[in-house]
Amino acid sequence: MAIDVDTLQKLQAEPEVAKLDLSWLNLTENGHPWGMRAKPGKRGLTLDEIEIGPVGEVPEQSTNRSIRARGSVPRNDAPRVPGSYIGRADVYSQNARLLYEEAVQRQWSSATDIPWETIEPLPDDIERAMCQLCTFLTEVEFIAGDAPGQMLPKINPEYYETKLFLLSQIMDEARHLDVFRKRALANGGGLMSATPGDVLRVIIEAKDFTEMSAMMHVFAEGFVQSMFRMGEYIGQNEAEKRIFRLCGQDESRHLGFGVMHLKHVMDTEPWRREEIHHYLDKCEEALSLGSSVDSDAGNYLVESLAILMGGGVDHFDVGMDRAMAVQRKRVNEYMHRLTVAGLGDRRERMYPLLRPFLDPPKN
Ligand SMILES: [Fe+2]
Ligand SMILES: [Fe+2]
């Protein structure tokens, strides 16, 4: 193939070097902070240690519509990511950074941190009750991962701490799901009945972040946490007791986030009180059916707890008293958490099926 002279000269010539434009190196001169050093504290270089100076200030309102990280320089050509929250109170919780760091430090493995060898053959009724409880909890943990998962794309990078916390929670819930599944399959039993009705669907149908957090973190996970705290009486061996203990430790973080989020909303946007009561009305009605003997779903849960806590079907009455004590503990702890969040008036408005479990208010 013949190459004309012009093209040949061009090919032989030195390639043209584009003029360097290093203006990005000076971006920080435009009023952007420089020269601050984050130093590790007692717990290492945690988020609290790096969030100093202007980048550490979480804005009450954000103008950011892109994936720009808080503290970086905006660009006019950045594409929009629609649908994320632009108000701090929409997603904020004061303890998110701390809880995220704690979650990272306290991960555990269901494969190696549970003394599975301590599980020995159990009487059939007790094994079945444990398998039914584990089957129920597997569903609960599935929802507990999906509900915050749905919120992730709505978290503006301006409020990235909440996104990190939710991601850590999703990992926790994956482990909870797997540990209860493992227990169901570890001792000759297996998975039993799925939950009747759509008790848990109310959580996954939450559209707003605060709605999701009030229903899931404060109500549902609060109930689960109160049950896990009774794990010493529900577990039949060291493996099961350890499962409840470790899951309970994780749930404390999820709950802690939710209570402090709700408190932030109540402190900064008190006009949302009725809206939040509306969410609580909805979830108390739907979820309390799941723990009441007046429904199929509740029967499965309360009766399996009664068999486990009483020591078999032959001691059902004793077990039922203990299962009801768990219910009282759950409702009172729930009321206490709402009081901390600034919703003490819930006491008068609680769903009728739950109200009888409330102790009189302490003066
Ligand atoms: Fe969980
Ligand atoms: Fe949880």
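**A tour of the iron site and Thr195**

Start by selecting Glu251 and His254: they sit three residues apart in helix H10 (residues 238-268), so about one helical turn separates them. Helices here are DSSP runs (H or I, at least four residues), numbered from the N terminus. This is a predicted model, in which local features need pLDDT of at least 70 and side-chain atom pairs count only at pLDDT 80 or more, while totals for chains, interfaces and linings use all residues. Residues are numbered from 1 along each chain as its sequence is written, chains are lettered from A and ligands numbered from 1 in the order in which they are written, and side-chain values use heavy atoms, leaving out hydrogens and water.

Colour by accessibility next. Glu251 is buried at 1% relative accessible area, and His254 is buried at 0%; buried means under 20%, with a 1.4 Å probe and protein chains only.

Now select the iron ion (ligand 2). Its protein donors are Glu173 (OE), Glu221 (OE), Glu251 (OE) and His254 (ND1), at 1.9 to 2.2 Å. Donors are N, O and S atoms within 2.8 Å of the metal (3.2 Å for Na, K and Ca); water is not among the atoms, so sites may look incomplete. Along the chain, the donors of ligand 2 are spaced E-x47-E-x29-E-x2-H.

Glu173 bridges ligand 1 and ligand 2, which lie 3.2 Å apart.

Finally, move to Thr195, in the loop between helix H6 (160-185) and helix H7 (201-204). Thr195 counts as buried, at 17% relative accessibility.

Note on methods: Helices (H or I, at least four residues) and strands (E, at least two) are DSSP runs, numbered from the N terminus. Buried means under 20% relative accessible area, exposed over 50%, partly exposed in between (1.4 Å probe, protein chains only).
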